Each structure stands twice: as C-alpha cells, then as structure tokens.
Amino acid sequence: MTTAALTLSSILFAVGVFGVLTRRNAISLLVSVEIMMNAANINLVAFSRLHHPEAMTGQTFALLGIGIAACEAAVGLALILAVRRRFGGTDVHIIDLLRG
Amino acid sequence: MSAQELLFAGFGVVAIAGALYSVVTRSLLRAIIGLGAFLTAVAGEFYLLAADLLAVVQVFVYVGGVVVLMLFALMLTASGARHPLAAIDRPRSGAVLACVIGGGLVWASWTVDFAEAPPAPDDAVGALGRALLGAQLGPFEVMGVILLASVVTALSIVRRERP
C-alpha cells in the first residue's frame, strides 16, 4: 500500500511539474501547483499510516498543508486580479517591469 | 487483490486522469473542473489511507473552497471571452523533464522495501483531534494566525485604491 501511494504521488507530482513548466497563464500555474501540493499530502498521509499511526504526526502535517494551500490560493488569486487590473491580462509573460 | 486495493487503484486512475486533463486542456474552465475531479479522487485516497477527517477537510476546503475561488477568479479576469483559453508553451521539453523527475521518484519509491503498515487506530478522528489540541497545539495555533494574515493580505491587494 505504501509503495502504491508513493508511486501515485510521484506520477501526480510529475504531472504538476509538466503543468508548471508549460503553462503561461497564472490561473493554470496555480492549478498545477495545487496538484503538486496534493501529491505531497498523499505522501505525508501514507507515511503517517506506516510510522506510528496513533501519533497522527503526518496527518497533522497534511492538515496544515491543506490550510497553507488554501491561503496560497486566496493570496495568489488576489494577486492575479490585481495584475489583470493593471496589465490587462493574466499571462505571466506580460509582467516585465523589472526586465532590464 | 482486496477490495481496498481495487478502490485505491480506481481512485488513483481518476486522480491521474483529472490531473492530466487539467494540465493539457487549453480551456481554463475545463482545467478547473478537472482539478475538482482530481481533488475528489485524492479525498478518496485519504479515506483509504485511514485519514477520515482529512478526506472530509479535502472535500470542504479544496472542492468547496479553492475550486469555487478559482472559478470566481476566472470569471473576473476572463475579459468577455466566452471560452477563456491558455496557451501551452514548449510541451516537448516540459514533458521530457517531467518524465525524468517522475521516473526518478517512481524508481526511488520502488527500490525501498517498506514494512507492512500496522493496523490503523480505531478512533482515527479522535486521535487526530487529541493530537491537534495536545502535542501539535503550537502549529495549529500558528495556522490560525497565518489564515488571518492571508485573508487581510488578499483583501488589501484587491482593494481599489482611492484617488
């Protein structure tokens, strides 16, 4: 079961990496990052099941990870709204104020 | 193959299919719907890994919160397009790099011989609650402060500046 969970989370992480590398739209990037965070959470829960399941350390970690992901989505989407208002689009390549 | 392993494989296939669909489709709306299917399947995996409360939290926070938030953000930024589309940049090199990373991780997880998992505690939800209000109380409290800070940050970012 542990190996199956680790295999699944590895594949999901690779899918998220593909999304982050190939997408240019900010919302798509956020979707890919959420996929990677969920892959990490599956790992945490699988190891919590394997080592001292009664202590719940891994599950606590995954719960806090879900909370952090929710914060990240809220702040990220607020930033996307602000960028859309200022630059007129959500493509990450149009934000080039610091380009020399 | 037991029923639990069969369900685990089924949820895994749904999760991978949803994740793949949401990274390869050009329509942003469909990407978010695919993310919803993926997150629901991951909730099923949590349940099968004896994390009952996490499965419920996953459905409430992710499927009910983050996906709806993303739909709202898409609605507010779509600028009148009926089907907002997003380009895919250099898919070949991205696929090669993702396959290298994923293959390495799968290889690493297959080389380790894990012990058989001990039986799950009967009262998993109760044990998690005792852990959150006992040994893990500090991180739990800090999490609340971070949530508050992120709400204030998000509001102050999207607020229109007065002239």
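How do the axes of helix H2 (residues 28-48) of chain B and helix H3 (residues 52-77) of chain B cross, and within what distance do they come? They come within 8 Å and cross at roughly 175 degrees, where axes are lines fitted to C-alpha atoms, for helices over the stretch in contact, and angles run from 0 to 180 degrees between N-to-C directions. This is a predicted model, in which local features need pLDDT of at least 70 and side-chain atom pairs count only at pLDDT 80 or more, while totals for chains, interfaces and linings use all residues. Residues are numbered from 1 along each chain as its sequence is written, and chains are lettered from A and ligands numbered from 1 in the order in which they are written.

- Chain B is divided into domain 1 (3-113) and domain 2 (121-163), with bounds from an automatic or database domain assignment, and 23 Å separate the centres of the two domains, taken over C-alpha atoms.
- H2(B) and H3(B) are therefore roughly antiparallel to each other, the class for angles over 145 degrees, whereas angles under 35 count as roughly parallel, 65 to 115 as roughly perpendicular and the rest as oblique; helices (H or I, at least four residues) are DSSP runs, numbered from the N terminus.
- The residues of the contact of H2(B) with H3(B) divide into 18 nonpolar, three polar and one charged, with Ala, Val, Leu, Ile, Met, Phe, Trp, Tyr, Cys and Pro counted as nonpolar, Asp, Glu, Lys and Arg as charged, and the others, Gly among them, as polar.
- B:Ala50 lies in the loop between H2 and H3 of chain B and has a positive phi of about 65 degrees although it is not a glycine.
- With 18 C-beta neighbours inside 10 Å, B:Ala50 counts as partly exposed, since a residue is buried if 20 or more other C-beta atoms lie within 10 Å of its own, exposed if 12 or fewer, and partly exposed in between, with C-beta atoms placed from the backbone.

**Between the chains**

- In total, 59 residues of chain A are in contact with 69 residues of chain B, contact requiring C-beta atoms, placed from the backbone, to lie within 7 Å.
- H3(A) provides the largest share of the side of chain A that touches chain B, 19 residues, and the residues of that side divide into 39 nonpolar, 14 polar and six charged.
- The axes of helix H1 (residues 2-22) of chain A and helix H1 (residues 3-24) of chain B come within 9 Å and cross at roughly 5 degrees, and the two helices are therefore roughly parallel to each other.
- The residues of the contact of H1(A) with H1(B) comprise twelve nonpolar, two polar and no charged.

- Of the 21 residues of H1(A), 16 are buried, so H1(A) is largely enclosed by the rest of the structure.
- H2(A) is mostly covered, with 21 of its 25 residues buried, and A:His52, whose phi is positive, near 50 degrees, follows this helix.
- A:Asn43 is found in helix H2 of chain A and counts as buried with 23 C-beta neighbours inside 10 Å; leaving aside its neighbours within four places in sequence, A:Asn43 is in contact with A:Leu6 and A:Ser9.
- A:Met56, in the loop between H2 and H3 of chain A, is buried, with 27 other C-beta atoms within 10 Å, and has a positive phi near 65 degrees.

Note on methods:
Two residues are in contact if their C-beta atoms, placed from the backbone, lie within 7 Å.
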